[in-house]
Amino acid sequence: MGKRVVDIFSCREGDKLALNVVTDSGTTVVTEGTILNKYLIDKIIKMGIRKIYIYEDNENGNMDYIAFKKEYSKNVDAVKNILTELAAGKKLDLSLVAEISNEIKKHIDQKDNIIKFLSTLKAFDQYTFNHSLNVAFYSMLLGKWLGLKSTQIDDLIKAAVLHDIGKVKIPEEILNKKGKLSDEEFEVMKKHPVHGYEIALESQKLSFDILKAILLHHEKENGSGYPLMVRGDKIPLYAKIIAICDVYDAITSERVYKGRMSPFDAFKIIEMDGYELFDVKIMLTFLQNISNYYIGTDVVLNNGDIGQVVYINPRNISYPIVKIGSDYVDLLSNKELKIVSLLN
């Protein structure tokens, strides 16, 4: 998608920023990828900034979204086939893994479509299959935001698609239990990365980087993870990326035992614990990039009001400014209010 420089006074609502808007002191106030609205345009004008970069119009945007939805469903079925065959004792179908990964990679420049679709997806009955696919999409985006090479992103996608394949060895009564697992059940669940590693290793054709990501995607920076309780630089890059995307998708998805939370709740939870559990650079790269894609989203607040997110401060991403009717409500100053769900 091409980009061009424009005068701020000629911008239209719906234009998409192609570069961060930065103050003279170097502070980013609106990030690349943000869809502009009247509130943001007025804010940029008040800051005295005259020129910004926007992306050229994409007239095929809606068609791309429709095509993405259809391909997503097809890929969910493909993931289901992989896991069903593994559960039946068959070997890992690497050709199907490659096919799914290539389909995902095709959408690497459709960040809006990916985030918009995954944010409103309702499919808790197929959570295991959707989750594998969702984590692969989020990991691909995060890999791109981190500046990974194309070949690295290829391996990262495959690792993310396969990160939970070890769950085929976990009893269904544990996997689909409604409610908290007992200590004994959780010990069984904690074995799935090892099971996944062993399944992937049998193929003898996956790179060691992919194998390590499958084995170590539940490790934590402070050594509190599993199965090996390694920490810091002992955790490989792909595992660190998948770890964050895994948690984010779990929090924002419908699950058998727990309802979805809003992305803003997810930001808060990840920020609260993430400085100890995740690689901070990777975590902040993910949060700062993904958060701006929710500007323009219609939301429901806990008091029943419906509004639209008009601004997300890069320094307080959990508390956006929401337009309700003709009023602008800053959730940072009104913490009794919170976003409980997104509207399609």
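Salt bridges in a predicted model

In this predicted model, the side chains of Lys106 and Glu103 meet in a salt bridge, with 3.2 Å from N to O.

User: Is Glu103, the partner of Lys106 in a salt bridge, buried or exposed?
Analyst: A residue counts as buried when its relative accessible area is under 20%. The relative accessibility of Glu103 is 15%, so this residue falls under that cut-off and counts as buried.

User: How many salt bridges does the structure hold?
Analyst: The contact between Lys106 and Glu103 is a salt bridge, and another joins Asp7 to Arg50. For the structure, the number of salt bridges is 16.

User: How many residues apart in sequence are the parts that Asp7 and Arg50 tie together?
Analyst: Asp7 and Arg50 form a salt bridge whose closest N and O atoms are 2.7 Å apart. Because Asp7 belongs to strand β1 (residues 3–7) while Arg50 sits in the loop between α1 (38–46) and β4 (51–55), the pair ties together parts whose separation in sequence is 43 residues.

User: In which helix do Lys38 and Asp42 lie?
Analyst: Lys38 forms a salt bridge with Asp42, and their closest N and O atoms are 2.9 Å apart. Lys38 counts as partly exposed at 48% relative accessibility, and Asp42 also counts as partly exposed, at 29%. The two residues are four apart, about one turn of the helix, and both lie in helix α1.

How values were computed:
Residues are numbered from 1 along each chain as its sequence is written. This is a predicted model: local features need pLDDT of at least 70, side-chain atom pairs count only at pLDDT 80 or more; totals for chains, interfaces and linings use all residues. Side-chain values use heavy atoms; hydrogens and water are left out. A salt bridge is a side-chain nitrogen of Lys or Arg within 4 Å of a carboxyl oxygen of Asp or Glu. Buried means under 20% relative accessible area, exposed over 50%, partly exposed in between (1.4 Å probe, protein chains only).
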